[in-house]
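Dear colleague,

I am sending you a structure together with an account of what was found in it. Please keep the model open while you read, so that you can follow each point on the screen.

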Amino acid sequence: MGDLISSHLDESKRELISARTGNVMGEFGCLYEQQYAVALFNKVRYDIEGVGGPQPQLLHRKIPLENKSIFSGSLSQYLEENKKWRNHFFFISDSYNIDYYDSKASHDRRHNPKGTINCAGYKVLTSMEQYLDLISNSLPGVKAKVGSSPFLKCATQFPLILWHPYARHYCFCVLTEKEQQKWHAVLQDCVRHANNGLSEENRVQTPAFTDAVRIYRQTKGHYGTWEMMCGVPSQILSNLVMEDLLPELKELISPRLKGKLPERQRNWMLISDAVYSLVQRQCQDQYEAVLQKCEAAHSSLEASIRTDMDQIITSKEHVTNKIREVVLPKAEKLLKVSIQPYISSILEALMEPTSRGFFEVRDVFSRELLDMSKNTLNEGTKETVAQHMEKIFMLAFHPVKMQSCYEKVERLSLEGLQQRFDVSSPSVFVHRAQILMREQMDNLVYTFEQIFHQSLESQGTEDLCKTIQRCQDRVIKKFDYDSSTVRKRFFREALLQIFIPYMLKQLSPACASELPRFQELIFEDFSRFILVENIFEEVVLHSVMKDIMMAVKEAAVQRKHNLYRDSICLSNSDPNLHLLGENPSVDWTAKYAKTQEDNDGAGEDVEEDSDAKCGESQKRRVKQVVSMIQDEDSVVLPSESCLEVSSVKDLPEEDKDEEDEDEDEENVDKMASSEPNEPAVSTVSEKASDLSNGAVLKEEDGKPEEPQIEGILLKNESAAEGGLAVKEEDEGADSQLVEEEQPSFNQESQEALPPPPKEMPSGTTEAASVSPPEATSDSPPCPHDDSHNQFPTEVEDKEEEVSSTADLQPT
C-alpha cells in the first residue's frame, strides 16, 4: 500500500496539494482576521447592552457525560491491509470517538487502541447497495456493478458501513438484524454528535470561523447549506480544500490506475484518504498560526472597541441607513415574488416532523417513569428507586431508547424546494433538530432527578408512586414551555438558512458594484469593526425577518403543533427550582443502593461486555451509559423501550384524589410565576380506561399507533380551543367526562400530564399521554446555521416589536 501511495503521490503531486492548500488557507486567513474583529465587536456590544432571551424553565446539566461511556461491544471489521474480517472490541467514550482494540482484554488492561474513528462527515449505511451507489461516483466516467466489488464479500448479511467522501471507509458486520439496528443507532449518534458543529460557547472564534468559511464559499459561487461543515476547524478547512482539489486530482491520477474496476476503486479510496490526511495536517498548522495572530491582537482590539463604542455604533448605523436605501427596494421586490409564497409551505414541512419528534421525547420520558412507578409498587425501597433512576439518569444519551424520537424528524423532506433555494440536503436541519431533542430530554431528566431527590429526602419512601407523579407533572409542564421555545427558534433559524443564501445570490450581482462606495463613509480607525459586506447581509436578513416572525407567530396562534403564543411568558416561574440547578448530579447507586451485588441481584440491566464486569479500578473510572447489547434474547426494535421491566400483576388501585395531593404544589407554582395579563392554557388529561373484562394491555406493547396519536392531538386541539379542561375519570371500565372551570388569564398555564398508573380489574393499564399546547416568548434569533454558517444577527429593537402579540386576541 505504501508503494501505491508513493507512486501516485509523487513529489510533483505533493507540491500541487501543498500549493492548493496554501492558496485556500491564505484567502481564508484574511477573511478570518476581518471577521474576528467584527465578532469581537459584536460580543463586546452584546455584553454591554444586550438582553437575554426567555429564561428556560428546565435545569441544565453542566457536564452530562462525566465519568460515563456511551457504548462498548464487539464487531467484525473488514481490514483493508489483508482484505480479511476480524473481530475487534469497540469502546465509545464521552467524546463520541470510537476506539477499537484487538480484544476486550486489551481495553481492560488499558492498552493503546489500534485505531480511533472520528465520525465527523461520515454517513452510516446498512446495505452494500447503498455503499455501491456512493462509490460508483468515486472515479469519473465509470459505474460499479453489483457483484463485482470486493466489498460485497461481507461476512454476514447485516453490514454496517461508515462512508466518507474523502477519508477512508470502515466496514463492519454483525450476526443478527437486532444487533445491526442497535449498532446503527449507536453509530448514528456518534455521527450526529460530530456533525453538530463548533461550540457556541466561544462567542468570538466560532462566529468568526463560520462567517469566514461562508464568505469564502460565496466568493466561489457556493451559496446555501453545506453538509461538510462538520467536525473541528481543521476538518472543516480540509473539506473546504478537498471540495476543489479532489476533482483536479481525479483527472490527473485516475487514468494511471491499473487493474479491474473494483481494484481501481479501492486504490483511489486509499489515495484519497492519504491526500485528506496531508491536507488536514497542513490546514491544522496554518489555522493555528492565524488563530495565534488574532488572539495576540485580542486585547488591543477590545480596548479600542470599549474606548470608541458609541462612535463605532453611530458610524455603523449611518452606513446601514445608506445601504438600506439602496438594497431594501430590491430585496422587498424579491421577497414579494420569490420568498413570501413559499414561507408557509416550508414552515409546514419543518414543523410536522419536528413537533412529532418532540412529542415522542415527552412520551418516552413518561413511559420510563410509568415503568418505574409500576415496579416500585411491590418494593417501595430506596434501593429499588436507585436502580431505576440509574437507568433513567442518562436516558437522553441512550441511542436505542432515543431512536424512536430521532426517526420522527428523519421524515423531514424539502422535496421540490431544495433546487429552488439551493438547499443541498435536509440532513443539516435533521441533525440540528435531533441535537435539540437530546438536549431537551437531558434537561427534562436532570430536572426530574433534582426534584425527585429533594422529595425523597424530605418524604422518604411513602407513597412513592404519587411522589413520582407529582414530580413528573411539575417537570412536564416546564418541558412543554421549553420545547415550544426551542422549536420556534429552530423554525426561524431554518427559514433564515434557506432564504438568506438565496437572496444574497440574487441580490449580490446588482448590489456588488454599489457597495464599495459606502466604505468611504467609515472612519479608518473603525474600518476593522465595520465591514460593508456584513452590513449588506444584515440588511437582507432584516428584510425577510418580519415575514418569518409573522409566519411562526401565526403558527403558534393556530396551535396546530402545540406551540405557545408569544404573549405567554413564564419568566422565573419557579425560583426555588433554579436553586437546585447548582447541585451536582445525584449518584443514586452510591447514595441509596446497598452494594453492587444487591443491584445485580435485583435484575439491573447490565451488559456482559460492559464496564461493570471489568476490574475494580475500571468500574471506579467510568460507567457505561448504554448497557442493552447482548442482554436479552428477544428482538428489541429501535422504537421500543430497552428498559427491562419485571412483570407486575395485581397492582393495587391508587387513590383518585390526585387533585388534593397536587393542590399545594400548584399553589406554590402559581404564587411564584403568576404575572398580570398572562393567559392560561387549558388542559386535557386522558386515561385509557375502555378496557373490556379479561383484556390485558401490556406496557411493552402500549405504544400507540400513528392514527391514534393523531386522534389524541385532534382531541387536544378541540379542547384547548374551547378553553375547557377535561378530565376523564375511571369508573371500572366506563369513563365520564367532567367539565371544569376555565382558568383565568391571571393564572399560570396548566398542562395536561400523563396520569399515574392505575390497576384495572383485568390487569395492567395503558396510560395515554396527551401533549398540551405550549407557550413561549422569544426575541428574534441569532440564527444557528445547521450547515454551521452564521449570518449577521443584530436585530434592532424595532424588529423585535414585530414579534409582539399585542394584536393577538386571546382564545
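**The sheet and its helices**

In this model, Ser-76 has Cys-173 of β8 as its bridge partner. Please note that the model is a predicted one. The strands β2 and β8 run antiparallel and are joined by 2 bridges.

These two strands belong to an open sheet of 7 strands, whose order is β5-β4-β3-β2-β8-β7-β6 and whose pairing is antiparallel. At its edges lie β5 (115–117) and β6 (123–125), each of which pairs on one side only. Neighbouring strands of the sheet are turned against each other by 35 degrees on average, direction ignored.

On one side of β2 in this order is β3. The two strands pair in the antiparallel sense over 9 bridges, and Phe-71 stands opposite Ile-92 in β3. The hairpin of β2 and β3 has 4 residues between the strands, and in that hairpin Lys-83 takes a positive phi near 55 degrees.

Another is α5 (residues 177–194), which touches β2 (71–79), β3 (84–92), β4 (98–101), β6, β7 and β8. The direction of α5 makes about 10 degrees with that of β7.

**Salt bridges**

A search of the whole structure finds 28 salt bridges. I describe some of them below.

Asp-189 forms a salt bridge with Arg-192, and their closest N and O atoms are 2.6 Å apart. Both residues are buried. How are they placed along the helix? Asp-189 and Arg-192 are separated by about one helical turn, because they are 3 residues apart in helix α5.

Glu-352 forms a salt bridge with Arg-356, the closest N and O atoms being 2.9 Å apart. Both lie in helix α10 (residues 309–376), where they are 4 residues apart, about one turn of the helix. The cut-off for buried is under 20%.

Lys-401 forms a salt bridge with Glu-368, with the closest N and O atoms 3.9 Å apart. Lys-401 lies in the loop between α11 (382–393) and α12 (403–409), and Glu-368 lies in helix α10, so this pair ties together parts that are 33 residues apart in sequence. Lys-401 and Glu-368 are both buried.

Finally, Glu-80, Lys-83, Glu-263 and Arg-266 are linked in a network of salt bridges. Lys-83 is the residue with a positive phi in the hairpin of β2 and β3.

With kind regards

Note on methods:
Residues numbered from 1 in each chain as written. Predicted model: local features only at pLDDT ≥ 70, side-chain atom pairs only at ≥ 80, totals over all residues. Heavy atoms only, no water. Pairing = 2+ DSSP bridges. Axes fitted to C-alpha atoms, helices over the stretch in contact; angles between N-to-C directions. Contact = heavy atoms within 4.5 Å. Salt bridge = Lys/Arg side-chain N within 4 Å of Asp/Glu carboxyl O. Buried < 20%, exposed > 50% of the residue type's maximum accessible area, 1.4 Å probe, protein only.
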